[in-house]
Amino acid sequence: MRHTKGLLGLAVSLFAVAVLLPAAAGAIPVDGRLDPSYALMSTQAIQTNGSDDTQGVMDFGTGSELDAAYAAVENGVLYLFFAGNLKDTVCGGQACTDFGILDVFIDSQPGGQNPLISPAAVGFGFPYPGLAFDPGLAPDFWVQYSDYGGLDHVFGRQASYEALPTGGGGASYVLGSGSNAGAPGTLSGGTNPFGILATIDNRNTAGVGAGCGVASGAGVTSGMELAIPLAAIGNPTGCIKVTAFLGDTQTGQGILNQVLPPVPAGTCALGPPATVNFASIPGDQFMTICLGATPTRNPSWGALKTIYR
């Protein structure tokens with residue numbers, strides 16, 4: 001059930017978080033593993049309706065979950081680590097249409113789109129025009145990472161990117177793909193002008209279980225990792241806002257209940273993107289990352305400052 005934001009949103013303690021990030025002290029390997037340089041941004045508080053992976057296999061997953069979000073900046077690169085899993089499907093002789101999708105929307109400069117009028121059909125999944133975000137979030141860029149099965153047990157990972165200017169018509173690319181999980185996150189076979197990296201370590205069997213009830217994603221140290229040069233998102237120097245969610249292309253669920261920051265416990269699938277309005281869901285489903293200062297760690301959020309909206 002959807003609710004109007006306001007006092008109810010505060011009552012369920014779902015809030016936006018601002019973290020002041022320093023540059024990381026050393027290189028961060030893009031290997032799908034949590035690095036000490038990362039600051040915790042948000043922790044999942046609800047079970048996944050995208051199935052729970054219990055196999056613990058690095059390059060194959062049977063469920064999708066988004067357990068926690070972390071961020072770091074080093075040498076002009078924004079690193080985003082999403083603890084959890086993405087679902088693969090072995091297609092056999094039929095069409096390969098059932099796989100997990102991670103969508104990341106970044107608001108890093110004036111303008112942007114809310115609701116979306118793009119992205120274009122450069123990624124996997126479903127049409128996004130019509131998807132509406134919380135007030136105060138108008139994404140300027142979109143990065144998608146998908147983990148899909150292939151014929152004869154050949155698995156693939158593909159990343160896509162699009163700029164989202166206010167009037168539409170932004171540059172869009174299939175960045176490339178990789179057949180192996182883990183380091184170094186290099187993408188090949190696409191157009192990747194900024195050198196974005198992406199990878200996954202699908203071995204997680206902890207975190208949230210299957211369902212729509214209360215859960216915690218704390219403690220998961222493997223998942224999806226992106227390295228996005230700041231040049232790819234307009235060279236911001238101040239604060240940026242990020243929202244992330246998982247999708248399922250096969251079951252008709254559309255956007256899963258795996259969103260960070262989280263949606264309220266008891267929420268199941270959100271539905272096709274064109275029907276989703278995050279403004280009608282309690283709390284702010286975006287994180288605020290402020291570049292350039294040294295954070296003081298908070299035991300639950302890794303945040304210097306928490307903003308209640």
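**Notebook: strands, salt bridges and cores**

I began with a strand pair: E2 and strand E3 (residues 65-74) run antiparallel and are joined by four bridges. Within this pair, I found Ser-42 opposite Ala-69 in E3. I took pairing to require at least two DSSP bridges between two strands. Strands (E, at least two residues) and helices (H or I, at least four) are DSSP runs, numbered from the N terminus.

A note on the source: this is a predicted model, where local features need pLDDT of at least 70 and side-chain atom pairs count only at pLDDT 80 or more, while totals for chains, interfaces and linings use all residues. Residues are numbered from 1 along each chain as its sequence is written, and side-chain values use heavy atoms, with hydrogens and water left out.

**The sheet**

Next I looked up where E2 belongs. I found an open sheet of five strands in the order E2-E3-E4-E11-E10, with antiparallel pairing. E2 and E10 are at the edges with a single partner strand each, so one side of each has no neighbour in the sheet. Neighbouring strands here are turned by 15 degrees against each other on average, direction ignored; the axes are lines fitted to C-alpha atoms, and angles run from 0 to 180 degrees between N-to-C directions. As a reminder to myself, strands of a sheet pair through backbone hydrogen bonds, either parallel or antiparallel.

**The whole chain**

I noted one helix and 15 strands in the chain. Of its 309 residues, 56% are buried, where buried means under 20% relative accessible area, exposed over 50%, and partly exposed in between (1.4 Å probe, protein chains only). I also checked contacts (heavy atoms within 4.5 Å): among those with a separation of 6 or more, 71% come from residues 24 or more positions apart.

**Salt bridges**

How many salt bridges are there? I count two, each being a side-chain nitrogen of Lys or Arg within 4 Å of a carboxyl oxygen of Asp or Glu. Arg-33 meets Asp-201 at 3.6 Å, N to O. This pair links distant parts of the chain, 168 residues apart: Arg-33 is in the loop between strand E1 (17-21) and strand E2 (39-43), and Asp-201 in the loop between strand E10 (197-200) and strand E11 (223-229). Asp-201 also forms a salt bridge with Arg-203, with the closest N and O atoms 2.6 Å apart.

Is Asp-201 buried or exposed? Asp-201 counts as buried because its relative accessibility is 1%. Arg-33 counts as partly exposed at 32%, and Arg-203 counts as partly exposed at 37%.

I then turned to nonpolar cores, meaning buried Ala, Val, Leu, Ile, Met, Phe, Trp, Tyr and Cys residues joined through side-chain atoms within 4.5 Å. The largest has 39 residues, and Tyr-145 is one of those with the most contacts inside it, as are Leu-80 and Phe-82. Beyond its neighbours within four places in sequence, Tyr-145 is in contact with residues including Leu-102, Arg-157 and Met-224. A second, separate core of 19 residues includes Leu-116, Leu-137, Ile-255 and Leu-270.

**Gln-253**

Gln-253 is partly exposed, at 22% relative accessible area. I find Gln-253 and Leu-270 7.0 Å apart, C-alpha to C-alpha, and 17 residues apart in sequence. Leaving aside neighbours within four places, the contacts of Gln-253 include Asn-49, Leu-270 and Pro-272.
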